[in-house]
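Work through the exercises below with the model open beside you. Try each task before reading its solution.

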Amino acid sequence: MTVTLNLSDLKNPSTRRSLSDLSLAVAKSKKIVVVTGAGISCSCGIPDFRSSDGLYALVKEQYPDVVLKGRDLFDASLFRDAKLTAVFYTFIAQLKKSIDSALPAPTHHFIKILDTKKKLLRSYTQNIDGLEARVGLLGTSSQEAKHLGQGKTKIRTSDVRNVQLHGDIHRVRCMSCSAEYPYTIENLEIFKEGTPPDCPECLTRSEARAARSARPIRVGSLRPAVVLYDEPHPLGDFIGSIQSADLARKPDLLIIMGTSLKVHGFKKLVKEFAKTIHTPAGSSSSAKPRVGRVIFVNKTPPPAEWLDIIDYHVEGETDTWVNKVVEDWKKMRPSDWEVQQTLVATDGDVTLGNKFKTIKNIPAPRMKGKRKSEQLWELHYIHI
Ligand SMILES: [Zn+2]
């Protein structure tokens, strides 16, 4: 049964203790899977575009006669309707503009911290804003990762740190030949008018054919490389292989943040990870019924079907929780936060604790006015 811990209830000793336990669990885990949704980007000023708000109002100004709900704009069937397709392009252009001026939130930085501390097995996100890439987490939609999916580059699957389950608003894809490109300023201007740009790849091929008097081919149009409802992910196989590899590595903690857990495919993925985490390693007759933990951090409670799956519901903003975890973690395990550094000090200037070990000393350069005994010590910080 899910235990609910309210982040605004820190005066309650039992809540405080339980939250500290969770912070320690994060600090101790070695293979954390993080799954996220729109809630982690709300504090970045990115509008919650699946519900009606400012962005819709903007689009409505341009298309006063179109009546639509948020979901209609993210359903693959929209391409069957020319007017709806135009609204979609305008909407995505507006959304991309507001995302471009947003900054990553503490929650994005937290995922990067987990990665830097070698605790992140993988991040999976429903978000298309690409803010994970902005904190340095290589995404599946990046050019490098796409080549990896096709076996063309030397980077390893493990270099992909963030799986973009719904694609990436910063990329465009040809609807005819599937060529992909980063979204340009020119694209933005064209999409804003409700029309798609032509595909450069198709254009080149068509011109080459025209030059040799061959029959010209149809030039495809570019569309935002986001994955709509009821649409297969173009990198589905690649993502599937990443997920299988992660399940096989037996993650020890699942952190679900900022999602209402309602999208079908996403629910399935989260349930598979939760099941692995709750299955004891080794034999099924193990005395320990549960290993690992499933933590859900969200403003609203999980739907009822999750109550047997989620161990803890941390009620509140994800940024508030991650800040608390990092604060607790620094207090509980300060050694995790000591950075490897090289100190250059003159002899006798520094009191060395037992955490410092002298690797080598370098004779002092001959300098005027320095005492002969003076030496420069190069110290490497060693964690003992
Ligand atoms: Zn094309």
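**Exercise 1. List the contacts of Val 26, leaving aside neighbours within four places in sequence.**

Solution. Contact means heavy atoms within 4.5 Å. By that rule, Val 26 is in contact with Ile 32, Phe 110, Leu 114, Lys 119, Leu 253, Ile 255, Trp 321, Val 325 and Trp 329. Val 26 sits in helix H1, residues 13-28. Helices (H or I, at least four residues) and strands (E, at least two) are DSSP runs, numbered from the N terminus. Then check burial. Buried means under 20% relative accessible area, exposed over 50%, and partly exposed in between (1.4 Å probe, protein chains only). Val 26 has 0% relative accessibility, so it counts as buried. Finally, take one C-alpha distance: Val 26 and Ile 295 are 269 residues apart along the chain, with C-alpha atoms separated by 10.0 Å.

A note on the source: this is a predicted model, in which local features need pLDDT of at least 70 and side-chain atom pairs count only at pLDDT 80 or more, while totals for chains, interfaces and linings use all residues. Residues are numbered from 1 along each chain as its sequence is written, and side-chain values use heavy atoms, with hydrogens and water left out.

**Exercise 2. Find the protein donors of the zinc ion and state their arrangement.**

Solution. Donors are N, O and S atoms within 2.8 Å of the metal (3.2 Å for Na, K and Ca); water is not among the atoms, so sites may look incomplete. Four SG atoms qualify as protein donors, from Cys 174, Cys 177, Cys 199 and Cys 202, and they lie 2.3 to 2.4 Å from the zinc ion. Read their spacing along the chain: C-x2-C-x21-C-x2-C. Now the angles. Four donors count as tetrahedral if all angles lie between 85 and 135 degrees. The four donor atoms here subtend 103 to 113°, so the arrangement is tetrahedral. For reference, the ideal angle for four tetrahedral donors is 109.5 degrees. Last, compare accessibility. Cys 174 is buried, at 2% relative accessible area. Cys 177 is partly exposed, at 26%.

**Exercise 3. Which side chain makes a polar contact with the side chain of Glu 180?**

Solution. A polar contact is a pair of N or O atoms within 3.5 Å; within protein, one must be able to donate a hydrogen and the other to accept it, and residues adjacent in sequence count only if both atoms are side-chain atoms. The partner is Arg 171, at 2.8 Å. Glu 180 belongs to strand S6, residues 180-182. At 15% relative accessibility, Glu 180 counts as buried. Beyond four places in sequence, its contacts include Ser 141, Lys 146 and Ala 225.

**Exercise 4. What does the side chain of Thr 2 reach?**

Solution. Thr 2 lies in the segment before strand S1 (3-6). Its side chain reaches the backbone oxygen of Leu 307 at 3.1 Å. The side chain of Thr 2 also reaches the backbone oxygen of Ile 310, at 2.8 Å. Thr 2 counts as buried, at 16% relative accessibility.

Note on methods:
Tetrahedral: all angles 85-135°; square planar, octahedral: opposite > 155°, others 65-115°.
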